[in-house]
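Here is a short briefing on one chain. Look at the sequence and the model first, then read the notes by topic.

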Amino acid sequence: MSKNLWWSIPLELLLLTFSFIGLISSLIFILIVITRYEFRQNLTLLLAMNLSFGGLITCVSMISQGIHMMMNSPEDRLCPYRSYFFTVGGLYIFEAAALQTLHRLIVIIFVHRRQWQNRCLFFFLALIQLILCLLGLLPLLLTNRFPYYPNANACYIALNDIFGVLYPAVSFYFTPLIFQSICSYWILRYVSRKYQARRKHDKIKKRIYKEKRVLARLSLPVFLLLSVGLIFFVFFFATILSNDQWKAPSYALHLSFMGSSAATGSSMLANLILTKPVKKILLSFLPKHPR
């Protein structure tokens, strides 16, 4: 496809910009956590780093994809693999956010079950999640369900592929989303009942507000990626069904890729800024201006 679409270049530049923001934010977060002993002993920070690992996979894949699109290169052997790892990274972000919420549930409700707050246990759960994402999407890769579309210079799952669309959506997107929603509701209900039972009405609203703030931060990556996913499906359902595939306009594909990179980059940057211990270390490296 000749590069005669004036709007494609700014969208691809935005794709690369957001992807680099996400990549740098993820790398900084991971490096800060693994280089400090006290952070490596903090399960909350380790789980936040696990989220950054999912963002790292996604952003590296999107940078590779963005460069390929900007160079207007023809299909290559890496095309389906870029789409595969991009999808794996997005799925793993959902899984990592659900695992963070599970940890919050255990800390708040099952605080006396110390054995459930073991780092090795959560490391094992995170490893299982990563393996499930990798192996769960492997059949789609092996059966060529990431076809190449010249209008976007990219590979993606065709919408008329019912299995290819619904299988990852239900198994790796909506299942952890439902689990995270149930855990969040359980936490808020427990906190509300606990403080009401103790008749500490002056602290009820403050405590509930704190938990809502924490849960909102944990849900932010999911919310951003889910918003992009909804836009993605709106574009595709608005297209015309032609023979054996959905013909999506080129701008819709570019917007979808750019939206995914924006959601991931923003999520990783927010994870870096909103995690106070990591933010504090990061600020200590910045030059201080004398007053």
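Leu-272 sits in helix α8, which covers residues 250-274. Helices here are DSSP runs of H or I with at least four residues, strands are runs of E with at least two, and both are numbered from the N terminus. Leu-272 counts as buried because its relative accessibility is 5%. Buried means under 20% relative accessible area, exposed means over 50%, and partly exposed lies in between (1.4 Å probe, protein chains only).

This is a predicted model: local features need pLDDT of at least 70, side-chain atom pairs count only at pLDDT 80 or more, and totals for chains, interfaces and linings use all residues. Residues are numbered from 1 along each chain as its sequence is written, and side-chain values use heavy atoms, with hydrogens and water left out.

**Helix α8**

- Leu-272 touches Ser-25, Ile-28, Phe-29, Val-278, Lys-279 and Leu-282, not counting residues up to four places away in sequence. Contact means heavy atoms within 4.5 Å.
- Leu-272 and Met-49 are 223 residues apart in sequence, yet their C-alpha atoms are 9.4 Å apart in space.
- Ser-266 is also found in helix α8. Ser-266 is partly exposed, because its relative accessible area is 34%.
- Ser-266 and Pro-221 are 45 residues apart in sequence and 8.1 Å apart from C-alpha to C-alpha.

**Overall build**

- The chain holds nine helices and four strands.
- From the N terminus on, the order is α-α-α-α-α-β-β-α-α-β-β-α-α.
- Of the 291 residues in the chain, 47% are buried.
- The chain exposes about 16000 Å², and carbon and sulfur atoms supply 68% of that area. Accessible areas come from the Shrake-Rupley method with a 1.4 Å probe; for residues, only the protein chains shown count as cover.
- Among contacts between residues at least 6 apart in sequence, 75% join residues at least 24 apart.

**Transmembrane annotation**

- An unreviewed UniProt entry places the feature "transmembrane region" at residues 13-33, 45-64, 84-110, 122-142, 162-188, 214-239 and 251-274. UniProt positions follow the numbering used here, feature names are shortened, and annotations may be inferred rather than shown by experiment.
- Residues 13-33 are 100% helix and 0% strand, with end C-alpha atoms 30 Å apart.
- Residues 84-110 are 96% helix and 0% strand, with end C-alpha atoms 37 Å apart.

**Nonpolar cores**

- The largest nonpolar core has 23 residues. A nonpolar core is a set of buried Ala, Val, Leu, Ile, Met, Phe, Trp, Tyr and Cys residues joined through side-chain atoms within 4.5 Å.
- Tyr-84, Phe-122, Cys-133, Leu-137 and Phe-146 have the most contacts inside this core.
- Helices α3 (43-70), α4 (79-109), α5 (119-142) and α6 (162-197) each supply at least two residues of this core.
- A second, separate core has 16 residues, including Ala-48, Met-49, Cys-59 and Val-278.
- Beyond its neighbours within four places in sequence, Phe-146 is in contact with Pro-80, Ser-83, Tyr-84, Thr-87, Leu-140, Leu-141, Cys-155, Tyr-156 and Ile-157.

**Helix α4**

- α4 has 31 residues and reaches 46 Å from first C-alpha to last, close to the 45 Å expected at 1.5 Å a residue. The expected span is 1.5 Å times one less than the number of residues.
- α4 is mostly covered, with 27 of its 31 residues buried.
- Ser-83 lies in α4. Ser-83 counts as buried because its relative accessibility is 7%.

**Helix α5**

- α5 has 24 residues and reaches 34 Å from first C-alpha to last, close to the 34 Å expected at 1.5 Å a residue.
- Buried residues in α5 include Phe-122, Gln-129, Cys-133 and Leu-137.
- Asn-118 caps the N-terminal end of α5, with a side-chain oxygen 2.7 Å from the backbone nitrogen of Cys-120.
- Just after α5, Asn-144 takes a positive phi of about 55°.

**Gln-180 in α6**

- Gln-180 lies in helix α6. Gln-180 is buried, because its relative accessible area is 3%.
- A polar contact of 3.5 Å joins the side chains of Gln-180 and Ser-219. A polar contact is a pair of N or O atoms within 3.5 Å; within protein, one must be able to donate a hydrogen and the other to accept it, and residues adjacent in sequence count only if both atoms are side-chain atoms.
- Leaving aside neighbours within four places in sequence, Gln-180 is in contact with Ala-97, Ala-98, Thr-101, Leu-218, Ser-219 and Val-222.
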